[in-house]
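Let's walk through this model together, one contact surface at a time. Keep the viewer open as you read.

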Amino acid sequence: MTPVQDGYNFAYLDEQTKRMIRRAILKAIAIPGYQVPFASREMPMPYGWGTGGVQVTASILGPDDVLKVIDQGSDDTTNAVSIRKFFKKTAGVATTTHTAEATIVQTRHRIPEEPLGAGQVLVYQVPIPEPLRFLEPRETETRTLHALAEYGLMHVKLYEDIARHGHVATTYAYPVEVAGRYVMDPSPTPKFDNPKMHMSAALQLFGAGREQRIYAVPPYTPVKSLDFEDHPFRIQTFKDPCALCAAEGVYLDEVVLDDRGGRMMVCSDTDFCETRRAAGHRGAMLGTAPAEIAGEASHG
Amino acid sequence: MYVAVKGGEQAIDNAHRLLAAKRRGDPALPDLDVAQIDGQLALAVARVMAEGSLYDRSLAALAIKQARGDLIEAIFLVRAFRTTLPRFGACEPVDTGAMAVERRVSATFKDLPGGQVLGPTFDYTHRLIDFALAAGFAPPPPAEAEPEADGAMPRVTDLLGEEDLIERETADDRPPADLTREPLSFPAERDIRLQNLARGDEGFLLGLGYSTQRGFGRTHPFVGEVRFGAVELDFVPEELGFPVPLGTIEVTECQMVNQFAGSAERPPQFTRGYGLVFGQSERKAMSMALVDRALRAREFGEDVVAPAQDEEFVLSHSDNVQATGFVEHLKLPHYVDFQAELELVRRLRAEHAAREADGRPHYEEAAE
Amino acid sequence: MSPLTRGFAEPAREAQAAFRVLMTAMSRPATVHPFAAAVTPPPPLSPELAAIALSLADPDAPIWLDPPLAAVPAIADYLRFHTGAKIVGRPDEAAFALVSNPLACPYLDRFAQGLDAYPDRSTTVVLALATLDAGSALRFRGPGIDGVAGLDAAPLPRAFAAELDSNHALFPRGVDLVLLAPGRLAALPRSARRIEGA
């Protein structure tokens, strides 16, 4: 495994850093939902732009892996492109946009619509790993709360929402309980994606670079979105199917078409949408949507 | 459309090409030489080395050039380079008492062994724009003084220490902690705090230090001494077992002397705040010393009431590479989450409107 | 110092490959995975034990050796040379404990158990066994296990079933176990709950 880019190590990180991160990953898997502190390194991209996910991916990645990178569900958003290029350059690995072909999927803000399979690894970029952070800003306090499994604060917050609005007003980064023990931040994915974490066949790894934490959900692990008996957890629903591929029960992005209220709703997961269109599914606006939204039916 | 559904890669390449052209500026003008930056923007270089945590003048100068003069961007470049370097070990503690001093002032004594050495300083300059500089003015050569007979320049805190007027600080045998290798955890010992402050953002520490002077965690400080100059670095390789000189680096050291009324356990005595940074940066070294002393509140049984005394607040927010990354990440697309919020606000508004129409109160009580 | 035997020929690639097998095994407790260990450590350090140490130990992650390994100075020399790790005398100071004789493995509570606030500060105990197969002698449920997973492994430490139960009862504290046999690897993280009967 020779360096692909002169002067840098395979996948950028030096071996000692990789070992440190690998040890943290193993601990994270053994204690599902617990945030393992790690000495996060400066990366050549800024904190808050995926350094945690990048360090995790760099530490697990091997020459035979096939990498997919998404941001907002799309392979072609600028930050996803930049991270994919980084690994192409420093590790020379194969990359793909097809969820099913990937061995490692690094993501920001979405879980792919297509269920992940055994042997796949989903790496999340995490800005604020501490689910209790906005209720209690001090690490010393939140660490004790986790040690005691004292999560009353979170329930109080959710219940205050219900009292005020009639339902929980958290729409993304919706807290979950992992394997009946730790309350965990699923990263700012819309709560629509929370059910996909439950008993997933894939290993889910979470990296927070600036906050120096790694955590994990092993495959086949119960992940429960916090709720109340009289106010069960519910995900977002969309009135109309995707305007391009007619998919229902998927997360849709709202695209503003003009300044006269024209809107269309399209799949946030671009690979999912393109795969459906390639298979002949046609949404109501497929013929009329602007080219920069509809794109081509497939791309490599 | 910055979240191009297609074509992101080409857009990024084009943006970076444009950046490279902007960086170069007017091609009719000479290109900036890295040595010029090192020589003529030396204080910028010092700041980039200090907060980049890597003593390498020409690398810092190159980073400044690459960053178009954005020092935090340059610090970031240096940090990202530094993190890939192999680590051979830790050097011996530097002896700032043996510094080849270029500047040394004490506010606590009118005169002292070694004297007050003003050296290269903006202090006492009139801040008038010097239009002669724009015209390529060549300065007269600096004045030379005879060095003092014995040349010794003991540290002010050592002079105070002889009378036990200031707390003693003794080295322990523990290897110093290193927050680039161990994640920050709380409570943090002083070695970790000082390392964090030494890497911390100058502006952040300046504001915090200033706040202690204005009463938010007052420490009654006096500048015992600020000194700037070159110190020798020694390293003891495992296989040799004796120190080998690595060379010299320039540092600024500030020893702040602070009033302390004493407590049940300790007699009244001056206490210390300490600042040490690469290169010449008195503002940073002094701010660091103020904040270091403020963070020792717990140790002296002082009430922790102000931001500068709160180690979790200070240490978690001092790093400008972390801070700038997270602040600026708000530029990244967040439309998936925004979509979820849009849906919620629309629903809440619809529910609100429906209640208005029914003449019911806006908010239902939890008990109902 | 005795002549040093071979470590990884391509450290970056081989360490990644070994780690990836261990990561997969740790995320799928009590499943057996093929594990190639192309190193020739001084006996009785098995190639599999050595490959785990070479992949994950370093100056920040010290190693404890069980008495048969500690009795051979060439083993400590080999590990120090290839990993830079400190060899510690007390099991609770180790990040990784290498156990060549499972029958004489210390009770699991002798190793670092982690703290309530930092359960990750615990030892990973790595055991070299003679045989390791999917089976039903020991059966588990828990995170990472699709229903029930079972192992047949020998030889096992004294009172192993009871040891596993007390270790799991400490969750989230406790040690994680890595089981090795020639060409094979399985893991029993603290999260795995042993079950009896069908």
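What follows looks at two contacts, one inside a chain and one between chains. Bear in mind that this is a predicted model.

Start with chain A, where the domain assignment gives domain 1 (15-131 + 138-225) and domain 2 (237-286). Their contact draws on 14 residues from domain 1 of chain A and ten residues from domain 2 of chain A. Taken over C-alpha atoms, the centres of these two domains lie 26 Å apart. About 920 Å² is buried between them, with carbon and sulfur atoms giving 48% of that area. On the domain 1 side, the residues that lose the most area to domain 2 are A:Arg110, A:Glu113 and A:Phe192, which together make up 47% of what that side buries. How many salt bridges are counted between the two domains of chain A? The count is zero, while seven residue pairs are in polar contact. The touching side of domain 1 divides into three nonpolar, six polar and five charged residues.

Now turn to the interface of chain B and chain A. Here 51 residues of chain B are in contact with 63 residues of chain A, and about 5,000 Å² is buried, 54% of it on carbon and sulfur atoms. Five salt bridges cross this interface; one of them joins the side chains of A:Glu254 and B:Arg346 at 2.8 Å, N to O. The two chains also have 24 residue pairs in polar contact.

Which parts of chain B supply its touching side? Helices H1 (8-24), H5 (71-82), H12 (320-328) and H13 (335-358) of chain B each supply at least two residues, and the largest share, 13 residues, comes from H13(B). By type, that side of chain B divides into 23 nonpolar, ten polar and 18 charged residues.

Conventions:
Residues numbered from 1 in each chain as written. Chains lettered and ligands numbered in written order. Predicted model: local features only at pLDDT ≥ 70, side-chain atom pairs only at ≥ 80, totals over all residues. Heavy atoms only, no water. Domains from an automatic or database assignment. Contact = heavy atoms within 4.5 Å. Buried area = accessible area lost by both parts, 1.4 Å probe. Salt bridge = Lys/Arg side-chain N within 4 Å of Asp/Glu carboxyl O. Polar contact = N/O pair within 3.5 Å; in protein donor to acceptor, adjacent residues only side chain to side chain. Nonpolar A, V, L, I, M, F, W, Y, C, P; charged D, E, K, R; others polar. Helix = DSSP H or I, 4+ residues; strand = E, 2+ residues; numbered from the N terminus.
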